[in-house]
Every structure is written in C-alpha cells, then in structure tokens.
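Hi everyone, thanks for coming.

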Amino acid sequence: MVSMAKFFLEFTVEESCGKCAPCRIGNKRLHELLGQICEGKGKLEDLDRLKNMSLVIKDTSLCGLGQTSPNPVLSMMENFREEYLAHVNDKKCPAGQCKSLMKYIINAENCVGCTACARVCPVNAITGERKEVHLINQEICIKCGACFEKCKFDAIYIS
Ligand code: SF4
Ligand code: SF4
Ligand code: SF4
C-alpha cells in the first residue's frame, strides 16, 4: 500500500500544472517521503508528516487535482496503517513490493546444493559447493528474484 500510494502520486506530480505551491511542491515532498519509507529510511514521525502535509495540500490547492491528490495517501494510511508501521518500525514490506526491504534467503534445510541458483545469479551473490548448502551475500544481492524462480526445491524464500 505504501508503494501504491507512491504510484498514484507519480501521476499527480507529472500532471500538476505548477500554478500553486501546495500541489506543485507539496506533492513532490509527499512522493519523496513515501520513497524514503519504501527504501526503509522512514521514521515513525514521518507518518504524521505525511498526514499533515496531505491535509494542507487538500485545503490549499487551487483546483480539484491538487485537492484530491493526497486522498490515496490518507485513505491507505487509515485503512492499512499496519503496513505503514511495518515499513517504518520493522523495515519490512509485508506485501513484498519494496525491493529495498526484501531479502532472498536460502533455507539450509531445503537446499540440496544443486548450484542452479548460483548459476543464474547475475552478480555472483550466491556461494556454495555442489551438494552443500548455498548462501546469499545480502551485500551483493540486487534482489532480481532469478534464484527464487530457479530453485526447484523451495529452498529460497523472501523475508
Ligand atoms: S492544484 Fe491545480 S492549479 Fe494548483 S498546481 Fe495543481 S493542477 Fe495546478
Ligand atoms: S537452487 Fe535451491 S537447492 Fe539448488 S543450490 Fe540453490 S537454493 Fe540450494
Ligand atoms: S535475488 Fe538475484 S541478485 Fe539476489 S541472490 Fe538471487 S539471483 Fe542473485
């Protein structure tokens, strides 16, 4: 829901004519803040900032576009607050949409060491000998998901 709210704002930022500051600048700030939350850099107080900024934009924008632009943010924060809290408190994206917050992990119990994942990894983030448990280096992983798709043993999960 956080990334969806960000997606809706992209449209507004693009379509704003720029005549009034609340819509022109406020929506950009809202978009930036949502982006930081999606990257795991959000803080709890950012949720209040999102709400306050949204209400100011609604109240002070000149036309319908600006007056309605924060509605997705407000309604999603109200109805899916736990998802926002998971992003800022736990640095997790329950829906698995925010790449920065995802981790691909190999379950040692399921991994048979077939090496298939390591062979498809575009950045050589997976190490391990044949028939031994493999390991993903989180510092290198770019979260492309190729290993997840490739593993036939359900040994890779997303956290
Ligand atoms: S609220 Fe309307 S007038 Fe103001 S910048 Fe946005 S589109 Fe233009
Ligand atoms: S593809 Fe799956 S089973 Fe094979 S090495 Fe990778 S994680 Fe282990
Ligand atoms: S998600 Fe992509 S980059 Fe990360 S370990 Fe798997 S294949 Fe490599």
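Let's begin with Lys131, which sits in the loop between β2 and β3; strands here are DSSP runs of E with at least two residues, helices are runs of H or I with at least four, and both are numbered from the N terminus. Before I go on, some housekeeping: this is a predicted model, where local features need pLDDT of at least 70, side-chain atom pairs count only at pLDDT 80 or more, and totals for chains, interfaces and linings use all residues. Residues are numbered from 1 along each chain as its sequence is written, chains are lettered from A and ligands numbered from 1 in the order in which they are written, and side-chain values use heavy atoms, with hydrogens and water left out.

Back to Lys131: is this residue buried or exposed? Lys131 is exposed, at 72% relative accessible area. The scale is simple: buried means under 20% relative accessible area, exposed means over 50%, and partly exposed is in between, using a 1.4 Å probe and protein chains only. Lys131 also has a positive phi, about 65 degrees, although it is not a glycine. Lys91 has a positive phi too, near 55 degrees. You'll find Lys91 in the loop between α6 and β1 (104–106), and with 33% relative accessibility it counts as partly exposed.

Now stay in the loop between β2 (126–127) and β3 (135–136), where we also find His134. His134 is buried, with a relative accessible area of 2%. What does its side chain reach at 2.8 Å? That is the backbone oxygen of Glu132. A polar atom of the His134 side chain also lies 3.4 Å from the backbone oxygen of Gly128. For polar contacts, the rule is a pair of N or O atoms within 3.5 Å; within protein, one must be able to donate a hydrogen and the other to accept it, and residues adjacent in sequence count only if both atoms are side-chain atoms. Leaving out residues up to four places away in sequence, His134 touches several others, among them Ile106, Cys111, Cys117 and Ile126; contact means heavy atoms within 4.5 Å.

Let's zoom out. The chain is divided into domain 1 (2–90) and domain 2 (103–158), with bounds from an automatic or database domain assignment. Their centres, taken over C-alpha atoms, are 36 Å apart.

Next, the cores. A nonpolar core is a set of buried Ala, Val, Leu, Ile, Met, Phe, Trp, Tyr and Cys residues joined through side-chain atoms within 4.5 Å. The largest one has 19 residues, and Leu34, Leu47, Leu50, Val73 and Tyr84 have the most contacts inside it. Two or more residues come from each of α1 (2–15), α2 (21–38), α3 (44–60), α5 (71–79) and α6 (81–90), and α2 gives the largest share, five residues. Apart from this core lies another, of 14 residues, including Tyr104 and Ile126.

Ala5 belongs to helix α1 and is buried, at 0% relative accessible area. Beyond four places in sequence, Ala5 touches Leu34, Val73, Met76 and Tyr84.

Finally, the ligand. Which residues are around ligand 1? They include Cys17, Lys19, Cys20, Cys23 and Cys63, where being near takes a heavy atom within 4 Å. The shell divides into six nonpolar, four polar and one charged residue. Thanks, and I'm happy to take questions!

Methods:
Nonpolar A, V, L, I, M, F, W, Y, C, P; charged D, E, K, R; others polar.
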